Amino acid sequence: MSNSTKQFRVKRGKILGIILILIFLFTLSFSFSSEGLKSKGENSGERIITKTYKLKYITPHEAKKILSSYLLHSTAPRYSQFFTVRIRKRDLNQFEELLRKIDHEKKNVRFKIYTIIASKSRNNWKIGNREINEVIRKVNSIFAFKSYKLDGISSVTVKDGAQIAKVKLSSSYNLLFKIYNMVINNGDKKRKINLFFSLYKEGGFYDGKKLKGSTIISSSTSMNDNGYFIAGVSKLGNNGDSLILVIKATVL
């Protein structure tokens, strides 16, 4: 056998060896990929469903942000009503129930904000408004003040799901009321309005960019529809008077 024939056989053997190694590596890689899919439920024996929904009141992008934990994959264009998802069959019922809850008509909520001055002294203060007298009775059942007077009534309307809303209050104390992340919760028994709020007292000077001030009252709450909520009390000055914040929320 000639040397050229031997060299050809050696080269061919090397090429076949390289091909076999590549085939082995490809098979190994495919095996690992399959295991990865199994870990996500795609190939683990669970039934995977693909469905498309037409949303009415929210975008697919908003739905995906809220329900992403249920999804294996989804298409969520910002400017389309159609929401296509890949989801495990065992998660489908709960996913669709939550989707129905968030894809509902956005109602407005009207907030009436009452600021009331309360004193531990007996003053000749009178409030001639029947609605305010009802508020005062609720306040008086909680606090031990001896006299009250109305500082102001303000109103603001906020859409369900709003990230932030604010209103400058009709008050003698330069107050700003802010509402964050307001959501209407249609429960089984009573409709609730969930929100975070803050009452901010603006100062009388600028720092070069904005008016400085301080937060007087800040909290989160869940209010009954058409109900009053006593949001908090803050001391005013050194004479013992206090500012009481009362909120009424009504779904329109």
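Predicted model: local features only at pLDDT ≥ 70, side-chain atom pairs only at ≥ 80, totals over all residues.

Me: How many helices and strands does the protein have?

Reply: The protein has four helices and eleven strands. Of its 252 residues, 32% count as buried. Among contacts between residues at least 6 apart in sequence, 56% join residues at least 24 apart.

Me: How should I read a sheet, and in what order do the strands of the open sheet lie?

Reply: In general, the strands of a sheet pair through backbone hydrogen bonds, in either a parallel or an antiparallel manner. Here, four strands make up an open sheet with the order E5-E4-E11-E10, and their pairing is antiparallel. Strand E5 (147–159) and strand E10 (227–236) are the edge strands, each of which pairs on one side only. On average, and ignoring direction, neighbouring strands of this sheet are turned by 20° against each other.

Me: Over how many bridges do E10 and E11 pair?

Reply: E10 pairs with strand E11 (residues 241–251) over nine bridges, in the antiparallel sense.

Me: Why does Phe 145 count as buried?

Reply: The criterion for burial is a relative accessible area under 20%. Phe 145 counts as buried because its relative accessibility is 12%.

Me: Where is Ser 74 placed, and is Ser 74 buried or exposed?

Reply: Ser 74 belongs to strand E2 (residues 71–75). With a relative accessible area of 10%, Ser 74 is buried. Apart from neighbours within four places in sequence, Ser 74 is in contact with Lys 64, Phe 83, Thr 84 and Val 85.

Me: What should I look for in the phi angles?

Reply: Most residues other than glycine have a negative phi. In this model, Asn 174 has a positive phi of about 55°, and Asn 226 has a positive phi of about 65°. Asn 174 lies in the loop between strand E6 (164–168) and E7, while Asn 226 lies in the loop between strand E9 (211–224) and E10. Asn 174 counts as partly exposed, at 29% relative accessibility; Asn 226 is also partly exposed, with a relative accessible area of 46%.

Me: How much space lies in the largest pocket, and which residues are closest to its centre?

Reply: The largest pocket holds about 560 Å³ of space. It is lined by 19 residues, of which Ile 66, Ile 102, Lys 106, Gly 161 and Val 183 are the closest to the centre. Helix H2 (60–67), helix H3 (89–102) and strand E7 (175–186) are the elements that each give two or more residues to this lining. The largest share, five residues, comes from E7.

Me: What is the make-up of that lining by class?

Reply: The lining of the largest pocket comprises six nonpolar, seven polar and six charged residues.

Key: Residues numbered from 1 in each chain as written. Heavy atoms only, no water. Buried < 20%, exposed > 50% of the residue type's maximum accessible area, 1.4 Å probe, protein only. Contact = heavy atoms within 4.5 Å. 1 Å grid on protein atoms, 1.4 Å probe; cavity = no way out; pocket = protein on both sides within 12 Å on 5 of 7 lines; lining within 4 Å. Points joined across faces, edges and corners; volume = space filled by probe spheres on them. Nonpolar A, V, L, I, M, F, W, Y, C, P; charged D, E, K, R; others polar. Pairing = 2+ DSSP bridges. Axes fitted to C-alpha atoms, helices over the stretch in contact; angles between N-to-C directions.
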